[in-house]
Amino acid sequence: MTQYRRSVLILLPPSEGKRAPESGPRLAPATLSWQELKGPRAQILGALVDLCSSSPTRAATALGITAAQLPLVAQNAQLRSAATAPAIEVYSGVLYDALDFSTLPAGARSRGDARIAIASALWGLLRPSDCIPAYRFSADSRIPGLPPLAGIWSGPVGDVIAGTTGVIIDMRSGSYEKLAPIPTACSDRCVTLRVLQDRGGTLSVVSHHNKATKGRITAGLLTVTKEPRGIGGVADALRALGYRVEPGRANRAGVATLDVIVTDL
């Protein structure tokens, strides 16, 4: 198991929407972070490209692609030769728009590349600077002949997470949590964030629009030069950023939860 220097790990979900790079180098798997994931990456990438190249109709069914989205199948077939860009530029959507990584100060962007790990059904985990092509492959995809994705990713990604030594802030969506649950060995230094909206004193769970709040939280945490130590340190950092934070109920895996209560989304 690889050990990394002590640093907070911020786990983010990917986005369904992606910006296809117009130019850039071809995919170079050997340059991606966490080379201990190269085996599963190669296995899934090879199966995905083969399926999309040989049988677009079967691929569309396996990937949940409609007839109007068939160009995404052709896009997947060209993954090895397509142009790439940093993952933080490829992923789009509510969370990444709110994070607005490119506008952050240089120091915050540098911390982001050291602290953020983007979960991916195709790549396992990525740093923001890892160069990837646009693709269509989500946590609920199933390629004929391959085991369920959780069976491929749970062990290797779990080992990467367990190999860190700092506090872990897990902001992944449920489907990506299931691909690689937080290992028991490090659950005591992991915290998930739940976004609640205060509507005149009544608290309600926020679903889709919680992504924007999590994007802004991530941006705020990257401006903090001092590493949060422990779950209490994360709560203190969020409060210093102006958020109302209360302890929540631990999830079924025993991972602590912090409730972030907002009035505006």
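This is a predicted model: local features need pLDDT of at least 70, side-chain atom pairs count only at pLDDT 80 or more; totals for chains, interfaces and linings use all residues.

Residues are numbered from 1 along each chain as its sequence is written, and side-chain values use heavy atoms, with hydrogens and water left out.

**Exercise 1. Explore the largest nonpolar core and the place of Leu238.**

Solution. Start with the terms. Buried means under 20% relative accessible area, exposed over 50%, and partly exposed in between (1.4 Å probe, protein chains only). A nonpolar core is a set of buried Ala, Val, Leu, Ile, Met, Phe, Trp, Tyr and Cys residues joined through side-chain atoms within 4.5 Å.

Next, look at the core itself: the largest one has 86 residues, and Trp123, Phe137 and Leu238 have the most contacts inside it. A contact means heavy atoms within 4.5 Å. Leaving out residues up to four places away in sequence, the partners of Leu238 include Leu193, Ile217, Tyr243 and Val260. In soluble globular proteins, nonpolar side chains tend to be buried together.

Now step back to the helix around Leu238. Helices (H or I, at least four residues) and strands (E, at least two) are DSSP runs, numbered from the N terminus. Helix α10 spans residues 230-240, and its buried residues are Gly233, Val234, Ala235, Ala237 and Leu238. Among the elements covering them are α9 (210-222), β7 (190-199) and β10 (256-262). Just after α10, Gly242 takes a positive phi of about 100 degrees.

**Exercise 2. Is Ser15 buried or exposed, and what does its side chain meet?**

Solution. First find Ser15 in the loop between β1 (9-12) and α1 (38-54). Its relative accessible area is 11%, so Ser15 is buried.

Then check the polar atoms. A polar atom of the Ser15 side chain lies 2.6 Å from the backbone oxygen of Gly17, and one lies 2.5 Å from the backbone oxygen of Ser92. Beyond four places in sequence, Ser15 touches Tyr91, Ser92 and Tyr96.

**Exercise 3. Which residues does Pro133 touch?**

Solution. Begin with the position: Pro133 is in the loop between β5 (131-132) and α7 (149-162). Pro133 counts as buried because its relative accessibility is 1%.

Now list the neighbours. Not counting residues up to four places away in sequence, Pro133 touches Leu27, Leu79, Ala82, Ala83, Thr84, Val90 and Trp123. Take Ala83 as an example: Pro133 and Ala83 are 50 residues apart in sequence, yet 5.9 Å apart in space, C-alpha to C-alpha.

**Exercise 4. How many salt bridges are there, and what links Asp198, Arg244 and Glu246?**

Solution. A salt bridge is a side-chain nitrogen of Lys or Arg within 4 Å of a carboxyl oxygen of Asp or Glu. By this rule there are eight. Side chains of opposite charge can pair when their charged atoms come close.

Follow Arg244 first. Its salt bridge with Asp198 has its closest N and O atoms 3.1 Å apart. Arg244 lies in strand β9 and Asp198 in strand β7, so this pair ties together parts that are 46 residues apart in sequence. Arg244 also forms a salt bridge with Glu246, at 3.2 Å between the closest N and O atoms.

Compare their accessibility: Asp198 is buried at 19%, Arg244 is partly exposed at 39% and Glu246 is partly exposed at 31%.

Terms used: A polar contact is a pair of N or O atoms within 3.5 Å; within protein, one must be able to donate a hydrogen and the other to accept it, and residues adjacent in sequence count only if both atoms are side-chain atoms.
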